[in-house]
Amino acid sequence: MPNEIKGLENAMPIRMVYTDTKEEIIFKSAAFASRKTKIAAQVIRESLNPVARKRFIVDDRKVVFRIAKEV
């Protein structure tokens, strides 16, 4: 799509869910989540697929990233 705005896929809100307590933190974009968690933005975008089931360790706790449905 030549007329599509570049970086639009990065503007979606992302939820970071701690797997032990189900506590959620909502970030306004994958880039913002990347800066806070020190995990690459591309890896976060790839992990948004629930079939991939990628888990990460942030602050010695396991987390998963999901798309936030509403902000």
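**Figure 1. Four salt bridges are found in this structure.** The model shown here and in the views below is predicted. Side chains of opposite charge can pair when their charged atoms come close.

**Figure 2. Glu24 and Arg15 meet through their side chains.** Their salt bridge spans 2.7 Å from N to O. Glu24 is partly exposed, at a relative accessible area of 41%. Arg15 is also partly exposed, at 22%. Arg15 has a strand partner too: its bridge partner in E2 is Ile26.

**Figure 3. A salt bridge joins Glu23 to Arg61.** The N to O distance is 3.8 Å. This pair links distant parts of the chain, 38 residues apart. Glu23 sits in the loop between E1 and strand E2 (24-27). Arg61 belongs to strand E4. Glu23 counts as partly exposed, with 39% relative accessibility. Arg61 is partly exposed as well, with a relative accessible area of 24%.

**Figure 4. Lys54 and Glu46 form a salt bridge.** Their side chains meet at 3.8 Å, N to O. Lys54 has a relative accessible area of 32% and is partly exposed. For Glu46 the value is 41%, again partly exposed. Elsewhere, salt bridges with shared partners connect Asp20, Glu23 and Arg61 in one network.

**Figure 5. Four strands make an open sheet.** Strands of a sheet pair through backbone hydrogen bonds, either parallel or antiparallel. Here the pairing is antiparallel, and the order is E2-E1-E4-E3. E2 and E3 stand at the edges. Each has a single partner strand, so one side of each lacks a neighbour in the sheet. From one strand to the next, the twist averages 40°. Helix H1 packs on this sheet and touches E1, E2, E3 and E4. The direction of H1 makes about 125° with that of E2.

**Figure 6. E1 and E2 form a hairpin.** The two strands pair in the antiparallel sense over four bridges. Five residues lie between them. In this hairpin, Lys22 takes a positive phi near 65°. One place to look along the paired strands is Arg15, whose bridge partner in E2 is Ile26.

**Figure 7. E3 pairs with E4.** The pairing is antiparallel and runs over three bridges. Ile57 has Lys62 as its bridge partner in E4.

**Figure 8. The largest nonpolar core holds 13 residues.** In soluble globular proteins, nonpolar side chains tend to be buried together. Within this core, the residues with the most contacts are Ile14, Met16, Ile39, Ile44, Val63 and Phe65. Two or more core residues come from each of strand E1 (14-18), helix H1 (30-37), strand E3 (56-58) and strand E4 (61-67). E1 gives the most, with three residues.

**Figure 9. Val63 and the residues it touches.** Val63 is one of the core residues with the most contacts inside the core. Leaving aside residues up to four places away in sequence, Val63 touches Met16, Val17, Tyr18 and Thr19, among others. Its contacts also include Lys54, Arg55, Phe56 and Val58. Met16 is listed with Val63 among the core residues with the most contacts.

Notes
Residues numbered from 1 in each chain as written. Predicted model: local features only at pLDDT ≥ 70, side-chain atom pairs only at ≥ 80, totals over all residues. Heavy atoms only, no water. Core = buried A, V, L, I, M, F, W, Y, C linked by side-chain atoms within 4.5 Å. Buried < 20%, exposed > 50% of the residue type's maximum accessible area, 1.4 Å probe, protein only. Contact = heavy atoms within 4.5 Å. Pairing = 2+ DSSP bridges. Axes fitted to C-alpha atoms, helices over the stretch in contact; angles between N-to-C directions.
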